[in-house]
Amino acid sequence: MADTSSGTKTRSKERVKTKKPKMYRVVLLNDDYTTMDFVVSILESIFQKSPAEAVQIMLKVHTSGRGVCGVYPREIAEAKVELVHSRARAAGYPLACQIEEA
Ligand code: TYC
């Protein structure tokens, strides 16, 4: 018996089903109205980015049109998108983000 610690033998026929969840990118989109400071604060507070990382991502979105804020399981990605949109609307900004399969 290979496994002596528990006395139970691990049978190779039994597949352990640990299906990894699909992951989703949260992508932030550029617009002409949302302030840079607001975008940076969103990246820090919702996506746990450092101030330096947040500025880098914001500038990437500003110059190229879009940027990835993070990669998460679907429900978490969707919840973050909702949070971004509700905070942006409350502040009067059109800031938009979306998810896409990673
Ligand atoms: N383009 C905006 C400005 O010039 C800044 C901005 C950056 C807006 C990133 C949205 O996702 C965004 N004020």
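Guide: Helices and strands are DSSP runs numbered from the N terminus, a helix being H or I over at least four residues and a strand being E over at least two. The model is predicted, its residues are numbered from 1 along each chain as the sequence is written, and local features need pLDDT of at least 70, side-chain atom pairs pLDDT 80 or more, while totals for chains, interfaces and linings use all residues. Side-chain values use heavy atoms, with hydrogens and water left out.

Visitor: How many helices and strands does the secondary structure of the protein chain come to?

Guide: The protein chain has three helices and three strands, in the order β-α-α-β-α-β from the N terminus.

Visitor: Where is T34 found, and why is T34 counted as buried?

Guide: T34 lies in the loop between strand 1 and helix 1. Buried means under 20% relative accessible area, exposed over 50%, and partly exposed in between, with a 1.4 Å probe and protein chains only. T34 has 13% relative accessibility and therefore counts as buried. Of the 102 residues of the protein chain, 27% are buried.

Visitor: Why does R89 count as partly exposed?

Guide: R89, in helix 3, has 44% relative accessibility and is therefore classed as partly exposed.

Visitor: What does T34 touch, not counting residues up to four places away in sequence?

Guide: Contact means heavy atoms within 4.5 Å. Apart from residues up to four places away in sequence, T34 touches V39, Y93, P94 and L95. With the same exclusion, R89 touches P94 and L95.

Visitor: Which backbone nitrogen does the side chain of T34 reach?

Guide: The side chain of T34 reaches the backbone nitrogen of L95 at 3.4 Å. A polar contact is a pair of N or O atoms within 3.5 Å; within protein, one atom must be able to donate a hydrogen and the other to accept it, and residues adjacent in sequence count only if both atoms are side-chain atoms.

Visitor: Which residues surround the ligand?

Guide: A residue is near a molecule or strand if one of its heavy atoms lies within 4 Å of it. The ligand is surrounded by L28, L29, N30, D31, T34, M36, V39, M58, V61, H62 and L95. A nitrogen atom of the ligand is 2.8 Å from an N or O atom in the side chain of N30. A ligand nitrogen is also 2.9 Å from a polar backbone atom of T34, and a polar side-chain atom of H62 lies 2.9 Å from a nitrogen atom of the ligand.

Visitor: Which residues have the most contacts inside the largest nonpolar core?

Guide: A nonpolar core is a set of buried Ala, Val, Leu, Ile, Met, Phe, Trp, Tyr and Cys residues joined through side-chain atoms within 4.5 Å. The largest has 22 residues, and V26, L28, I42, L43, F47, V84 and L95 have the most contacts inside it. Helix 1 gives the most to this core, with seven residues. Leaving aside neighbours within four places in sequence, F47 is in contact with V26, I42, C69, Y72, K80 and V84.

Visitor: Which residues of helix 1 are buried, and how far does helix 1 reach from its first C-alpha to its last?

Guide: The buried residues are F38, V39, V40, I42, L43, I46 and F47, and their cover includes strand 1, helix 2, strand 2 and helix 3. The expected span of a helix is 1.5 Å times one less than its number of residues. Helix 1, with 12 residues, reaches 16 Å, close to the 16 Å expected. Just after helix 1, Q48 takes a positive phi of about 50°.
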